[in-house]
Amino acid sequence: GKIDMLLKCVKSPGLFYCQLTEPSGVQDLQMLLREMAHYCQALPVDPAYCPDIGEICCVNSPDGRSWLRAQVQEHRVSNKVQIECVDIGKTVLVSQNRLRPAQPQHMDLPLQVFKARLAGVVPVHGGEWSKQATDFVAKYVDSQRLIAQVVGQEGDCYVLDIWDRSSGQENSLSMLLCEEGLAHLEPMTPNSSPPLTRKQPPKTSQPQAIDPTPVQNGHVIGANPVEVVQNGSQERTNEEPSLAEAVGTAGGTEMITVPKTEWQEMKNLLLEQKNLLLEQQKQLSHVCGLLEHLLLDKRS
């Protein structure tokens with residue numbers, strides 16, 4: 001189903017960070033940040049403290065008034081450290097003296113952001129996304145009127161359909177990008193993913209990379225091999241269910257198998273129809289604009 005969410009950091013339509021807007025999660029994060037600020041502000045600077053790559057630590061904000069959880073990504077020259085703020089998705093370069101060791105209780109709250117990309121669209125000219133396309137999506141950062149639906153998963157990145165409800169209607173961000181001429185539609189695949197769940201950070205302060213694999217109802221969800229966690233034991237399987245097995249049968253009737261070539265032709269035909277409808281919509285908008293100008297001229 002659809003979920004309420006916030007965009008927190010947009011690098012491009014193909015990579016951004018989102019946050020679920022569950023009231024309990026927001027309140028728990030605010031309480032954690034207050035506790036971290038109280039702890040870190042009382043802690044003196046330790047020149048010898050140098051967190052390892054992958055380690056979770058605390059980082060002081062530029063204004064010095066708040067502290068965030070961060071994961072070390074890279075050590076640079078002149079005591080500079082590249083970190084990712086794991087609760088907002090931003091990657092920044094900071095001085096080593098702005099870091100403090102995280103305590104075990106700081107790891108109890110699951111990470112508050114997840115990585116995603118926009119479904120169904122590709123850059124107009126291929127390759128990298130344009131700055132205009134990135135700026136278009138970035139204007140929705142922290143908007144309270146977004147809903148999303150998971151349509152796929154690529155490693156630790158979710159593929160999302162996102163709608164803006166600010167106008168009272170649900171407007172697809174993918175379609176809005178296409179209407180602005182900043183993206184093209186791509187064929188949709190029949191794959192889907194289970195609902196989102198937040199990741200749990202490591203409990204220890206030892207160097208440890210955050211596991212990008214999401215967990216839902218006790219099951220680790222990811223690419224093959226599939227790992228299932230049940231009752232403290234692990235089972236692994238290298239087989240992925242076929243499309244027919246995943247969909248099943250309806251009412252006990254036998255499923256009809258569609259050849260791969262015919263399936264591709266159907267997808268291409270649907271894509272052509274989508275593009276045709278989009279072009280007709282643009283032409284209709286242009287005609288309506290001309291009619292509106294004619295009516296204004298006639299009244300004047």
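Strand β11 is mostly covered, with eight of its eight residues buried (under 20% relative accessible area, against over 50% for exposed and partly exposed in between, using a 1.4 Å probe and protein chains only). Strands here are DSSP E runs of at least two residues, helices are H or I runs of at least four, and both are numbered from the N terminus. Please keep in mind that this is a predicted model: local features need pLDDT of at least 70, side-chain atom pairs count only at pLDDT 80 or more, and totals for chains, interfaces and linings use all residues. Residues are numbered from 1 along each chain as its sequence is written, and side-chain values use heavy atoms, leaving out hydrogens and water.

**The two faces of β11**
- In a regular strand, side chains alternate between the two faces of the sheet.
- On one side of β11 sit Cys157, Val159, Asp161 and Trp163, and on the other Tyr158, Leu160, Ile162 and Asp164; all are buried.

**Strand partners of β11**
- Strands count as paired if DSSP finds at least two bridges between them.
- β8 (residues 114-118) runs parallel to β11 and is joined to it by four bridges, with lysine 115 opposite cysteine 157.
- β10 (residues 146-154) runs antiparallel to β11 through eight bridges, and glycine 152 stands opposite valine 159.
- β10 and β11 make a hairpin with two residues between them, where glycine 155 in the turn has a positive phi of about 65°.
- β12 is antiparallel to β11, with two bridges, and its asparagine 171 faces aspartate 164.
- The hairpin of β11 and β12 has six residues between the strands, and glycine 168 in its turn has a positive phi of about 95°.

**Salt bridges**
- The structure holds nine salt bridges (a side-chain nitrogen of Lys or Arg within 4 Å of a carboxyl oxygen of Asp or Glu).
- One of them joins lysine 2 and glutamate 170 at 2.8 Å, N to O; this pair is 168 residues apart, linking the segment before β1 (3-12) to the loop between β11 and β12.
- Lysine 2 is partly exposed at 44% relative accessibility, and glutamate 170 is partly exposed at 43%.
- Arginine 165 meets aspartate 4 at 3.1 Å, N to O; the two are 161 residues apart, with arginine 165 in the loop between β11 and β12 and aspartate 4 in strand β1.
- Arginine 165 is partly exposed at 23% relative accessibility, as is aspartate 4 at 42%.
- Lysine 131 pairs with aspartate 135, their closest N and O atoms 2.7 Å apart, and both lie in helix α2 (residues 131-138), about one turn apart.
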